[in-house]
Amino acid sequence: METTGRSYSRHMEEEYQKFIRRMNPPRVVIDNESCKNATIIQVDSANKHGILLEVVQVLTDLNFIVTKAYISSDGGWFMDVFNVTDPEGNKITDEEILDYIRKVLGSETSFTTVGLTSSTDRTVIELIGTDRPGLLSEVCAVLTHLKCNVLNAEVWTHNTRAAFIVQVPDDESGLAVTDPDRLSTIKQMLCNVLKGSNKAREAKTVVSQCAIHTERRLHQMMLEDRDYERISNSEDLADTQRPDVNVVNWYDKDCSVVTIRCKDRPKLLFDTICTLTDLEYVVFHGHVDAEGPNAYQEYCIRHIDGSPVKSEAERQRVIRCIEAAIERRVSEGLKLELCTTDRIGLLSDVTRIFRENSLQVTRAEVATRGGKAVNTFYVRDASGYPVDFKIIDSIRKEIGQTILKVKVNPQDSNRSPQESPTRFLFGGLFKSKSFCNFSLIRSYS
């Protein structure tokens, strides 16, 4: 009876929150006059868990760069202010885009429906397992063998683990694969590839027609896989070269304060907010400054049960999870861009050529737009040495000089063997003023 009472109470509270949101729909104000270098987007709305992530997700899906942000939540209401630019650093002036922002962020329905992958014409495959050279090539070869054409895919690697989300239709019908026996075969064969000879850690394969937000799901997959746990003998970063993440309790305010300092990059804000949300923390105040090459983020958080961080073990877990979220999207290796007419087996052929030339893919973004394959790969030499450009020239001749383009990271030319680009990513951190008076904050003893 007591359980039934709690369920009824929770249901009534949820219905009341829905009623409040309907009576007070979000208000969106876009200002292109007040700031010289950025467009200011202000969103006011009734509060609910995860709404900050929903707003940030919309901005991220539009490829906006957030240079500053102010987050404030007071009970049942929240206000977020973002200074944003396009990827080239310009204000957002396109009226169609501005109208779209007003429409999406001003809707009383969930913002997270934006950016979801439709599954009516494709099957969504989620894979996670131990990373190794040639893994992407093997996965693509299996899918080609099973007559599944890769339309879109994203691959992240971190701390010896690799996560894939792949969208495939059937080659012949062009629709999602729905036959249970065939789906079972796809799942089993891919799981065998992921397992390889490694029995120490589990490999997982999920095949579904569910709509997902790819990047959000990749974070969830790797968090569930505990990629934030450092493995002995793995390529650890020195403390001074990792993101500078700290968590302290502000006892006077009954909350915890998270501070993050690291080199800025696109989608950094999404990655950190996504992780805090998935760890079931509520950000009720925050400040973000990323106008220079470095980023500073500061958040006042409480667990969804209203409590601050309760123990040293919990504090260390939050720090490691945020570090991992930042590092997952670090683009290790040489950037290769492929743009050509799409065809069945294209991705399998390209990744096979990489494997045959001892190149390991550390991250990949695969997309098909209007019959064109638009793919980005980050590759490094499987032995850990800098990529030999003679090999790259040979690969370009084989694939096509105009089809495969190379984007050079200036750091690569000076890097010694076995040194990961991640080792240099978080140097030169800057100090920033905090909105909190840290004389009121005590760390754990």
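Contact here means heavy atoms within 4.5 Å. In the predicted model, leucine 151 touches Arg122, Gln167, Pro169, Val366, Ala367 and Thr368, residues up to four places away in sequence being left out of the list. Leucine 151 is located in the loop between α4 and β6. Its relative accessible area is 18%, and since buried means under 20%, leucine 151 is therefore classed as buried. A further relation across the sequence involves arginine 343: the C-alpha atoms of leucine 151 and arginine 343 are 9.8 Å apart, while 192 residues separate the two in sequence.

The loop between α4 (135-145) and β6 (152-158) also holds lysine 147. Lysine 147 is not a glycine, yet its phi is positive, at about 60°. With a relative accessibility of 46%, lysine 147 counts as partly exposed. A positive phi, of about 75°, is likewise found at threonine 160, again not a glycine. Threonine 160 belongs to the loop between β6 and β7 (161-168), and its relative accessible area of 36% makes it partly exposed.

Over the whole protein, 10 helices and 16 strands were assigned. Of the 445 residues, 51% count as buried. The accessible surface comes to about 21300 Å², and carbon and sulfur atoms account for 50% of it. When contacts between residues at least 6 apart in sequence are considered, 74% join residues at least 24 apart.

The largest nonpolar core contains 51 residues, of which Ile41, Phe82 and Tyr299 touch the most other members. Helix α2 (residues 51-61) supplies the largest share of this core, with 7 residues. Another core, of 44 residues, lies apart from it and includes Cys148, Phe164, Ile186 and Val387. For isoleucine 41, with residues up to four places away in sequence not counted, the residues touched are Val28, Val29, Ile30, Leu59, Phe64, Asp80, Val81, Phe82, Val84, Ile101 and Leu105.

Aromatic rings were examined next. A pair of aromatic rings is described by the distance of the centres and the angle of the planes. The count comes to 1 aromatic pair. This pair is formed by phenylalanine 354 and phenylalanine 377, whose ring centres are 5.2 Å apart and whose planes stand at 80°, an edge-to-face arrangement. The pair links distant parts of the chain, with phenylalanine 354 in helix α9 (residues 346-356) and phenylalanine 377 in strand β15 (residues 372-381), 23 residues apart. Both phenylalanine 354 and phenylalanine 377 are buried. A charged side chain is also placed against a ring: arginine 302 lies over the face of phenylalanine 284, at 4.1 Å from the ring centre.

Histidine 213 is situated in the loop between β8 (204-208) and α6 (214-224). Its relative accessible area is 8%, so histidine 213 is buried. A polar atom of the histidine 213 side chain lies 3.2 Å from the backbone nitrogen of arginine 216.

Notes
Residues numbered from 1 in each chain as written. Predicted model: local features only at pLDDT ≥ 70, side-chain atom pairs only at ≥ 80, totals over all residues. Heavy atoms only, no water. Phe/Tyr/Trp six-rings, centres within 6.5 Å; stacked < 30°, edge-to-face > 60°. Helix = DSSP H or I, 4+ residues; strand = E, 2+ residues; numbered from the N terminus. Buried < 20%, exposed > 50% of the residue type's maximum accessible area, 1.4 Å probe, protein only. Lys NZ or Arg CZ within 6 Å of the ring centre and 35° of its normal. Polar contact = N/O pair within 3.5 Å; in protein donor to acceptor, adjacent residues only side chain to side chain. Areas by Shrake-Rupley, 256 points an atom, 1.4 Å probe, with all protein chains shown as cover. Core = buried A, V, L, I, M, F, W, Y, C linked by side-chain atoms within 4.5 Å.
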